[in-house]
Amino acid sequence: MNNTAYKVKDLMIEAVNRGASDLHLTTGSKPIYRIHGRLEPYGEQKLFNHDTDLYMQEILTESQQAEFLRRGELDISYGIE
C-alpha cells in the first residue's frame with residue numbers, strides 16, 4: 001500500500017502540466033520542479049524517508065537503486081504515458 005503524501009505518477013503529470021524540465025525528490029523537502037531554470041516547491045507536505053524509498057522502488061531498476069545507494073544521488077529520466 002502506498003501511504004505517501006504524493007503519488008509519483010501524479011507528480012510527473014504535474015511536471016508535464018507545468019512545463020517542468022526536472023522533478024527533485026528529496027527527503028525532508030517538498031517536491032521541487034525546475035521550471036525555466038527556477039526551482040519551485042510544490043504542495044504543502046515535505047517528503048519522508050518512506051516516501052522517497054517507495055518512489056525509488058517504483059521507478060528505479062535494481063542497478064539504479066544500487067547506484068543511488070552507493071552515490072547518494074541519481075539523475076535519471078522517467079517517462080509516463
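**Salt bridges in the predicted model**

Arg-70 is exposed, with a relative accessible area of 64%. The model is predicted. Side chains of opposite charge can pair when their charged atoms come close. In this model, five salt bridges are counted.

Arg-70 takes part in one of these pairs. Its side chain meets that of Glu-67 in a salt bridge, at 3.0 Å from N to O. Both residues belong to helix 3 (residues 62-71). They sit three residues apart, so about one helical turn separates them. Glu-67 has a relative accessibility of 25% and therefore counts as partly exposed. Arg-70, by contrast, is exposed. The pair is also part of a network of salt bridges, which links Glu-67, Arg-70, Arg-71 and Glu-73.

Glu-14 is partly exposed, at 22% relative accessibility.

Arg-34 forms a salt bridge with Asp-22, and the closest N and O atoms are 3.4 Å apart. This pair links distant parts of the chain. Arg-34 lies in strand 2 (residues 32-35), whereas Asp-22 lies in strand 1 (residues 22-24). The two residues are 12 residues apart. Relative accessibility is 27% for Arg-34, which counts as partly exposed. Asp-22, at 30%, is also partly exposed.

Definitions and conventions: Residues numbered from 1 in each chain as written. Predicted model: local features only at pLDDT ≥ 70, side-chain atom pairs only at ≥ 80, totals over all residues. Heavy atoms only, no water. Salt bridge = Lys/Arg side-chain N within 4 Å of Asp/Glu carboxyl O. Buried < 20%, exposed > 50% of the residue type's maximum accessible area, 1.4 Å probe, protein only. Helix = DSSP H or I, 4+ residues; strand = E, 2+ residues; numbered from the N terminus.
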